[in-house]
Amino acid sequence: MSETLRQQHGQIDRLLVQIASYNTNLQGDLGLPQDLVDWLAPTLQVSSFLSRERRAPDIVVVGFQELLPLHLGLSGLSRSIINNRNALILSEIEAHAPKKEKYSLIAKVVNVGIALLVYGRDDGVSRKVCDVETAWTGCGPAYMGNKGAVGVRFRVPGHNDSIGETFTFVNCHLTAHSHRLPERIADYRHITGSLLFSSLSGTKAPSTIYDTSHLFILGDLNFRLDVPESHPLAVILKLPQFADAIISESAREELKEFDQLTMEKRKGTIFNGLREGEFWKFKCTYKYKLGKVDEYNLRRTPSWTDRVLYATYSDTPDVPDASNITNLLYTSIPSYTTSDHKPVVALLSLPPPTTSASLPTLQLPSDFRPIPDSLANGKRYMGRTLDRIIGLTWWVLTILGAGSGLVGIFNFVIGIGAWSWWKSRPIPTDDV
């Protein structure tokens with residue numbers, strides 16, 4: 001085989017993974033336009049980087065945070081919304097695929113408002129995929145699911161039915177607000193210990209998200225810009241014209257040095273072993289005024305809250321910023337205006353499949369060894385029980401209030417008062 005043909009064959013063998021994430025601001029079915037081409041289809045144009053013809057992604061991953069109103073999510077009433085999202089996404093990625101390639105849903109998982117859907121091409125990955133698993137965990141108060149993560153894992157066998165490689169996708173929604181950085185770090189550590197899958201070695205012990213050949217983490221990670229007040233850039237963050245002030249990529253590149261995620265990752269406190277594309281190439285994804293394409297709501301510090309990180313088994317801890325995954329595209333989509341977040345999308349080219357007889361797994365820094373939490377199941381189900389109790393109570397009050405929980409509480413109190421008065425009223429008696 002000539003060198004040119006060998007290179008072309010290697011490029012075709014490299015799987016393309018498209019990852020999209022969007023915090024839809026609790027809007028349910030109203031959180032997405034019917035035409036998703038801006039968000040899910042632009043990457044198809046970039047895929048020509050690998051070949052002379054446009055190439056459809058082999059795997060498409062879509063994650064949502066704040067999928068639906070919180071009381072419905074806590075109540076577990078997300079089925080119709082996630083089914084509608086699935087049908088819309090599937091129709092859109094097939095409609096805009098360059099050769100009208102067909103896709104199948106590999107797995108979907110929802111916990112409260114955090115949802116993850118993973119699709120594979122029918123002529124490739126979805127035909128071979130096996131050992132599909134889903135997982136969920138909560139990081140909210142008492143491990144409730146208003147914050148937390150969901151995950152999907154599967155294996156794609158290699159050539160000649162070799163063991164192949166495992167793929168793990170994790171969608172996170174971490175604690176909000178700039179000053180709550182310690183809680184975000186704690187959230188991630190909780191996720192690494194409690195978002196568990198079956199053992200890769202055949203034992204009863206569960207495996208963590210890091211026990212995989214490829215790991216992808218996406219979502220509203222909620223890390224903020226933390227610029228010291230004494231720094232000249234702090235003034236920019238308070239300007240009404242902030243969007244104009246960061247038009248320059250050089251200005252954004254300077255700002256990214258104060259990104260909490262970047263700073264903590266360099267310290268080794270979070271997202272150990274993971275890499276990320278050049279997120280400063282696009283503007284901060286939060287917090288926008290609703291209905292505005294490019295106008296920030298300065299009640300919150302504008303930040304890159306919405307991110308995609310990744311690692312593959314051939315990445316080495318000795319070179320923490322380099323990856324054998326090629327980041328072909330990493331951008332936000334400004335045209336979506338129904339949320340205070342902008343969606344993000346990444347297109348990643350994986351290294352050629354391994355020919356190893358054993359399952360390859362990630363190489364981790366020597367000082368980082370994630371350990372499964374032996375109490376993970378108890379914590380998860382305690383959180384889910386509280387989710388249901390609070391969610392269903394809130395749902396009933398919302399019905400009583402004709403869509404408003406506060407009005408429902410008022411109506412409930414008035415109703416109890418009226419019932420008590422009725423029961424305690426004197427009953428007239430007839431004189432004989």
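About 440 Å³ of space lies in the second largest pocket of this predicted model. A pocket here is an open set of points on a 1 Å grid over the protein atoms alone, where a 1.4 Å probe fits and there is protein on both sides within 12 Å along at least five of seven lines. Grid points are joined across faces, edges and corners, and the volume is the space filled by probe spheres set on those points. Lining residues, meaning those with an atom within 4 Å of a point, number 23 for this pocket, and the closest to its centre are D13, L15, K128, V156 and P353. Two or more of the lining residues come from each of α1 (3-13), α6 (125-128) and β7 (165-173). Helices (DSSP runs of H or I, at least four residues) and strands (E, at least two) are numbered from the N terminus. The biggest contributor is α6, with three residues. Sorted by type, the lining has nine nonpolar, six polar and eight charged residues; Ala, Val, Leu, Ile, Met, Phe, Trp, Tyr, Cys and Pro count as nonpolar, Asp, Glu, Lys and Arg as charged, and the others, Gly among them, as polar.

Residues are numbered from 1 along each chain as its sequence is written. Since the model is predicted, local features need pLDDT of at least 70 and side-chain atom pairs count only at pLDDT 80 or more, while totals for chains, interfaces and linings use all residues; side-chain values use heavy atoms, with hydrogens and water left out.

Next up is the largest pocket, with a volume of about 540 Å³. Of its 22 lining residues, K265, R266, L274, P320 and D321 are the closest to the centre. Both α11 (260-267) and β9 (275-276) give two or more residues to this lining, and α11 gives the most, with five.

So what about α11 itself? Its buried residues (under 20% relative accessible area, 1.4 Å probe, protein chains only) are Q260, L261, T262 and E264. They pack against α7 (181-194), β9 and β10 (306-312).

T262 sits in α11 and counts as buried because its relative accessibility is 11%. Setting aside neighbours within four places in sequence, T262 is in contact (heavy atoms within 4.5 Å) with K256, F279 and R307.

Note on methods: Buried means under 20% relative accessible area, exposed over 50%, partly exposed in between (1.4 Å probe, protein chains only).
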